[in-house]
Amino acid sequence: MGILGLAKLIADISPGAIKERELKHYFGRKVAVDASMCLYQFLIAVRSEGAQLTTVDGETTSHLMGIFYRTIRLVEQGIKPVYVFDGKPPNLKSGELAKRAEKRDEAQKLLQAAEEAGNAEDMDKFSRRLVKVTKVHAEEAKQLLQLMGIPYIDAPCEAEAQCAALVKAGKVFATATEDMDALTFGCNILLRRLTFSEARKMPVQEFHFDKVLEGLELNHKEFIDLCIMLGCDYTNSIKGVGPKRAVDLIKTHRSLEKIIENLDIKKFSVPEDWNYQQARLLFEEPEVMDPENIELKWSEPDEDGLVKFLCGDKQFNEERVRNGAKKLHKARNTSTQGRLDTFFKVLPNSNPSPAKRKAQETNATAKKSKRGATGKSRGRPK
């Protein structure tokens, strides 16, 4: 789920924090990709006649089709992706997971009704709501990435938290995900739409965390409390408090504790036994692997291995798979030129303003006078 309404709130209050880019802008960049989010997108989007792609035995292959071709496209653009997979969910997320299970049960009932009525549109709609990324999907995706020569990481807990840690450590440039809680974990740069921007003819959205805080006039701790009020995966929120009121409250009181103390309980309902403090701690101190102990390595694709994995029971077209492997090989061996900003430092302006020039001349004169005085006192020859 991420953080409810956060992207729109930032666009409304802090639009300067968002930039729109073409995919080619990220040439030479290393990017941490939220793997579970990608798999979910592919299971929904990569379909034929309203259903997921499957083998003759009924095994789903939509996720593999998506990972294979979209990753090739990223690599062809000079992007170096590293996929990060979710680990065990934190205990506080159990409530959110239970809600999702209930929604899937309801969707299953509605799907059955649509099938009995022969309503194709509703059948497609409710079947998409039943989509769930399983361990099998994740393990198959990891096997495919290994054969493609693309690194992946098994996060100990939340993938977005691990991605944010990689960005903050300078291991990668940004996190690519649709879940806005990557910002709540303190990710410096968040990229939305990266994995499907060209397919949908949409620019990549680039969120800058420092500009988000500046526009909202909050520090990181206050931003976390705002996100909890908006609605996150770990706890309930205050009923009746919408996004704009949440911003006003946090700006006025600066913490959830102070907000609760001053809230009109006749108008707004604070959840009973509200565990916002534990939720806050999960954002402040998430369980992640130390980025300094993580080595990211991109290697040559295993063409024969890819053919064996994808073209047997999974029924991928061998010619297309081999062409894909060759594209990976070509991109790896031709995209060796790095970004210019990794080689050159920004130099000071060689043509300063008149005011700055005058200040420089004054400083130079003062230094010259000082040297002269020092030299005379030491009895240096004239």
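**Note on a predicted model**

1. The crossing of helices H14 and H15 is right-handed. A crossing is called right-handed if the near helix is turned clockwise from the far one by less than a right angle, and left-handed if anticlockwise. H14 covers residues 303-310 and H15 covers residues 318-334. They pack at an angle of about 145°, with their axes 9 Å apart. Axes are lines fitted to C-alpha atoms, for helices over the stretch in contact, and angles run from 0 to 180 degrees between N-to-C directions.

2. This is a predicted model: local features need pLDDT of at least 70, and side-chain atom pairs count only at pLDDT 80 or more, while totals for chains, interfaces and linings use all residues. Residues are numbered from 1 along each chain as its sequence is written, and side-chain values use heavy atoms, with hydrogens and water left out.

3. Which residues bring H14 and H15 together? From H14 come Glu303, Asp304, Leu306, Val307 and Leu310; they meet Glu318, Val321, Arg322, Ala325 and Lys326 in H15. The contact residues divide into five nonpolar, no polar and five charged. Here Ala, Val, Leu, Ile, Met, Phe, Trp, Tyr, Cys and Pro count as nonpolar, Asp, Glu, Lys and Arg as charged, and the others, Gly among them, as polar. Contact means heavy atoms within 4.5 Å.

4. Where pLDDT is low, the predicted coordinates should not be read in detail.

5. The chain has 16 helices and nine strands. These are DSSP runs, numbered from the N terminus: helices are H or I with at least four residues, strands E with at least two. Of the 382 residues, 44% are buried. Buried means under 20% relative accessible area, exposed over 50%, and partly exposed in between (1.4 Å probe, protein chains only). Among contacts with a separation of 6 or more, 71% join residues 24 or more positions apart.

6. Helix H3 (residues 62-76) has 15 residues. From first C-alpha to last, H3 reaches 21 Å, close to the 21 Å expected at 1.5 Å a residue. The expected span is 1.5 Å times one less than the number of residues. Buried residues of H3 include Leu64, Ile67, Phe68, Ile72 and Val75. Just after H3, Gly78 takes a positive phi of about 85°.

7. Ser62 is another buried residue of H3. Ser62 lies 8.2 Å from Ala45, C-alpha to C-alpha, across 17 residues of sequence. Ala45 belongs to helix H2 (residues 35-45). Ala45 is partly exposed, at 47% relative accessible area.

8. Is Thr184 buried or exposed? It is buried, with a relative accessible area of 0%. Thr184 sits in helix H8 (residues 181-184). Leaving out residues up to four places away in sequence, Thr184 touches Ile3, His220, Phe223, Ile224, Cys227 and Phe283.

9. Most residues other than glycine have a negative phi. Arg193 has a positive phi of about 75°. Arg193 lies in the loop between strand E8 (189-192) and strand E9 (204-208), and counts as buried at 16%. Glu217 also has a positive phi, near 60°. Glu217 lies in the loop between helix H9 (209-216) and helix H10 (220-230), and is exposed at 51%.
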